[in-house]
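Good morning, and thank you for coming.

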Amino acid sequence: MRIALVTGSNQGLGRALVEGLAARMSPQDLVLLTGRDPARVEEAAGAVARGPAAARVEGRVLDVRDADAITALAADLGEVDIVFSNAAARMTREADPADEVDAVAETNNLATTRMLRAFVPRLRPGGRLIVVASSLGTLDKLDDRVAGRFDAATESLEAVDALVEDWRRAVHDGRAEDEGYGRWLNIPSKVAQVAAVRAVARQRRAADLADNKLVMALCPGLIDTDASRPWFEDMSHAQTPAEAARWPVELALADSFDPAF
């Protein structure tokens, strides 16, 4: 039996990933759809299970901002085959970044490093752990004054967490724009997610390749979701969640992968 876990998956890309995995995995396999709200998790898991799912689909309540909840779920599952760390905080165009940075840092960043710490050691041979970041998550999207700091933080997950905390304090103190972090929270948050994956890859690449394990950051472009619509006036070139999920699902289920990933 294979086990697949997708965080933040009662809607949008996360739900499309669950649908894609469930449709292509076997009846003895298990796909876990997770989210914070019990009613929404139950509704979404039931809807996916009633669709063209071949694998078993089960809803689990998981608030990725809760470190103990991540640790408990990892211990309960024991070993896993596929993990999509997809949960993300929504941002509002009109909001003061200081009002939203805590939720963004906790949901996007600290949760990512917690998921990596908890689940990378539990990947079976041939396992896949994919952190869903963004095409905005590359160093060239940052001001030169801070890009080097994010690059250097890839030395360890602890260094990434420390840099995220520094960025969070700068936003609260009103220093973020002057120091080069910018006003839009999404860019430093997504770059830090990619940095976390690079930190893990720095330590594990050779051993993971030998075991056919893949730990990577996925950086999709614009996807037509409720979270992205308020930020972009023209959605004509956006992918649907199903379109955006297709290749990642294929990659997660493939027998092998390009080591460049």
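Helix H6 passes helix H8 in a right-handed crossing, meaning that the near helix is turned clockwise from the far one by less than a right angle. Helices here are DSSP runs of H or I with at least four residues, strands are runs of E with at least two, and both are numbered from the N terminus.

This is a predicted model, in which local features need pLDDT of at least 70, side-chain atom pairs count only at pLDDT 80 or more, and totals for chains, interfaces and linings use all residues. Residues are numbered from 1 along each chain as its sequence is written, and side-chain values use heavy atoms, without hydrogens and water.

How are H6 and H8 oriented to each other? H6 (residues 157–173) and H8 (residues 186–210) pack at about 165°, with axes 9 Å apart; the axes are lines fitted to C-alpha atoms over the stretch in contact, and angles run from 0 to 180 degrees between N-to-C directions. The two are therefore roughly antiparallel, the term for angles over 145 degrees.

Let us turn to the loops. Threonine 7 sits between strand E1 (3–6) and helix H1 (12–24). Is threonine 7 buried or exposed? With a relative accessible area of 1%, threonine 7 is buried (under 20%; exposed is over 50%, partly exposed in between, with a 1.4 Å probe and protein chains only). A polar atom of the threonine 7 side chain lies 2.8 Å from the backbone nitrogen of asparagine 86.

Asparagine 212, in the loop between H8 and strand E6 (214–218), is partly exposed at 26% relative accessibility.

Notes. A polar contact is a pair of N or O atoms within 3.5 Å; within protein, one must be able to donate a hydrogen and the other to accept it, and residues adjacent in sequence count only if both atoms are side-chain atoms. Angles under 35 degrees count as roughly parallel, over 145 as roughly antiparallel, 65 to 115 as roughly perpendicular and the rest as oblique.
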